[in-house]
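Please open the structure in a viewer and keep the selection tool at hand.

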Amino acid sequence: MAYSYDPTNIFARILRGEIPNKTVIETAHTLAFEDIRPSAPVHVLVIPKGPYVCFDHFASEASDEEIADFNRATADICRKLGLSPGAGGQGYRILSNAGDHGHQEVPHYHLHLLAGRPLGPMLAR
Ligand code: 5GP
């Protein structure tokens with residue numbers, strides 16, 4: 001696989017502390033912060049600290065420790081924000097854009113965690 005990571009992207013700059021963010025959770029390998037242009041009452045971006053471009057890059061090349069940390073951190077956010085349906089929350093949506101057709105704007109892998117209102121069908125037809 002041939003991904004090249006651009007270290008000047010905005011999330012790399014957030015990770016280096018060059019741009020402020022509203023942090024929701026930070027772990028050894030993961031940072032989660034509020035989206036600057038929220039699409040829902042809850043709109044959290046979850047990013048690995050490592051230099052991965054998109055989902056398949058991360059899932060194929062990150063270490064097991066990074067992948068576990070990222071997934072556990074995301075679950076912790078769901079619990080922390082009271083979103084987990086299994087714990088009485090009203091649910092959420094997770095999505096990740098990749099590449100041109102996925103309409104990815106920032107080339108550092110991230111999940112969008114959306115919640116806080118009924119989110120409607122997954123895609124506009
Ligand atoms: P993408 O289209 O790449 O999946 O999503 C990128 C997201 O990053 C967008 O929802 C956009 O609002 C968010 N974003 C872009 N620049 C910044 C920033 O400087 N700070 C924060 N917190 N979010 C940003």
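For what follows, Ala, Val, Leu, Ile, Met, Phe, Trp, Tyr, Cys and Pro count as nonpolar, Asp, Glu, Lys and Arg count as charged, and the others, Gly among them, count as polar. The model on display is a predicted one.

**The largest pocket**

Begin with the largest pocket, which holds about 780 Å³ of space. Its lining consists of 31 residues, and those closest to the centre are Asp35, Arg37, His43, Leu45 and His112. By class, the lining comprises 16 nonpolar, eight polar and seven charged residues.

Next, colour the elements that contribute to this lining. Helix 1 (10–15) supplies at least two of its residues, as do strand 2 (30–34), strand 3 (42–48), strand 4 (93–95) and strand 5 (111–115).

**The ligand**

Display the shell around the ligand, which contains 16 residues. Asp35, Asn97, Glu105, His110 and His112 are the closest of them. Of the residues in this shell, seven are nonpolar, five are polar and four are charged.

Which element provides the largest share of the shell? Helix 1 does, with three residues. Both helix 1 and strand 2 supply at least two residues of the shell.

Proceed to Asn97, where an N or O atom of the side chain is 2.8 Å from an oxygen atom of the ligand. Then select Ile36, where the backbone is the part to inspect: one of its polar atoms is 3.3 Å from a nitrogen atom of the ligand.

Finally, show the surface of the ligand. On its own the ligand has 530 Å² of accessible area, and the protein covers 89% of that area.

Technical notes. Residues are numbered from 1 along each chain as its sequence is written. This is a predicted model: local features need pLDDT of at least 70, side-chain atom pairs count only at pLDDT 80 or more; totals for chains, interfaces and linings use all residues. Side-chain values use heavy atoms; hydrogens and water are left out. On a 1 Å grid over the protein atoms alone, a cavity is a set of points where a 1.4 Å probe fits but cannot get out, and a pocket is an open set with protein on both sides within 12 Å along at least five of seven lines; lining residues have an atom within 4 Å of a point. Grid points are joined across faces, edges and corners, and a volume is the space filled by probe spheres set on the points. Helices (H or I, at least four residues) and strands (E, at least two) are DSSP runs, numbered from the N terminus. A residue is near a molecule or strand if one of its heavy atoms lies within 4 Å of it. A polar contact is a pair of N or O atoms within 3.5 Å; within protein, one must be able to donate a hydrogen and the other to accept it, and residues adjacent in sequence count only if both atoms are side-chain atoms. Accessible areas come from the Shrake-Rupley method with a 1.4 Å probe; for residues, only the protein chains shown count as cover.
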